[in-house]
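Here is a short briefing to read alongside the structure.

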Amino acid sequence: MLNKGRRIIAVLCTFAILLSAFVVGLLPMETLAATSAEGPVLDLEEDVKYFGRTFAENGVRYFSWSNSGFQFSFYGTGATATLKSTQHTAGSATETAYVKIYVDGAFYKDVAVPETETAVTLASGLTNGQHTIKVVKRTSGYYSIVGLSKIQLDVGSEIRQTQKH
């Protein structure tokens, strides 16, 4: 509950900053409107290819083993995924869940997945065009499981079918 409260405060502070910048004329109204618009959301069963050991529960797709994950294709400039992890302690060791993100076949970045459901930017600022994003769990299933509940593309992007083979 404490994390949810912090998130609400962060959202309110961001909104207050944008609103005050608009009021004093630092931001045009179009910028303020663009920050609240949302791009298309992928259907996690139809638009996404999964690989490795995965299972679905309550609308969340989980990845337990190393090298399991998902990929999807789109036309646009970026995408965000809502991810969370569960961490297990074995003896005195607790491991944070990490995923590697690849864009168009090239390594893009490594991301620590928090235990609370969080919007994680998979890629942003890409050249407007056809792209494939692949997310691969790199940590052991013994210590952590990663869950995916949503993939949202940037405004103006289009969903493209991902080959399921």
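**Core, sheet and rings**

Within the largest nonpolar core, which has 27 residues, Val 48, Phe 70, Phe 72, Ile 133, Leu 148 and Ile 151 touch the most other members. Seven strands each supply at least two residues of this core: S4 (69-76), S5 (79-87), S8 (97-103), S9 (106-113), S10 (118-123), S11 (129-137) and S12 (144-153). Please keep in mind that this is a predicted model.

**The chain overall**

- The chain contains two helices and 13 strands.
- Of its 165 residues, 34% count as buried.
- Among contacts between residues at least 6 apart in sequence, 73% join residues at least 24 apart.
- The chain exposes about 9,500 Å², and carbon and sulfur atoms supply 56% of that area.

**The open sheet**

- Five strands make up an open sheet, and their order is S2-S3-S12-S5-S10 with antiparallel pairing.
- At the edges lie strand S2 (54-57) and S10, each of which pairs on one side only.
- From one strand to the next, the twist averages 35°.
- Inside this sheet, strand S3 (residues 60-63) and S12 run antiparallel and are joined by three bridges.
- For Tyr 62, the bridge partner in S12 is Gly 147.

**Aromatic pairs**

- The count of aromatic pairs comes to six.
- Tyr 50 and Phe 63 form a tilted pair, because their ring centres are 6.1 Å apart and their planes stand at 35°.
- That pair links distant parts of the chain, with Tyr 50 in strand S1 (residues 49-51) and Phe 63 in strand S3, 13 residues apart.
- Tyr 50 and Phe 63 are both buried.
- Phe 55 and Tyr 62 have ring centres 5.1 Å apart and planes at 20°, so this pair is stacked.
- Phe 55 counts as partly exposed because its relative accessibility is 35%, a value between the 20% and 50% cut-offs.
- Tyr 62, in contrast, is buried, with a relative accessible area of 11%.

**Where the topics meet**

- Ring pairs link Tyr 50, Phe 63, Phe 70, Phe 72 and Phe 74 into a cluster.
- Two residues of that cluster, Phe 70 and Phe 72, are also among the core residues that touch the most other members.

Definitions and conventions: Residues are numbered from 1 along each chain as its sequence is written. This is a predicted model: local features need pLDDT of at least 70, side-chain atom pairs count only at pLDDT 80 or more; totals for chains, interfaces and linings use all residues. Side-chain values use heavy atoms; hydrogens and water are left out. A nonpolar core is a set of buried Ala, Val, Leu, Ile, Met, Phe, Trp, Tyr and Cys residues joined through side-chain atoms within 4.5 Å. Buried means under 20% relative accessible area, exposed over 50%, partly exposed in between (1.4 Å probe, protein chains only). Helices (H or I, at least four residues) and strands (E, at least two) are DSSP runs, numbered from the N terminus. Two strands pair if DSSP finds at least two bridges between them. Axes are lines fitted to C-alpha atoms, for helices over the stretch in contact, and angles run from 0 to 180 degrees between N-to-C directions. Contact means heavy atoms within 4.5 Å. Accessible areas come from the Shrake-Rupley method with a 1.4 Å probe; for residues, only the protein chains shown count as cover. Rings of Phe, Tyr and Trp (its six-membered ring) pair if their centres lie within 6.5 Å; planes under 30 degrees apart count as stacked, over 60 as edge-to-face and the rest as tilted.
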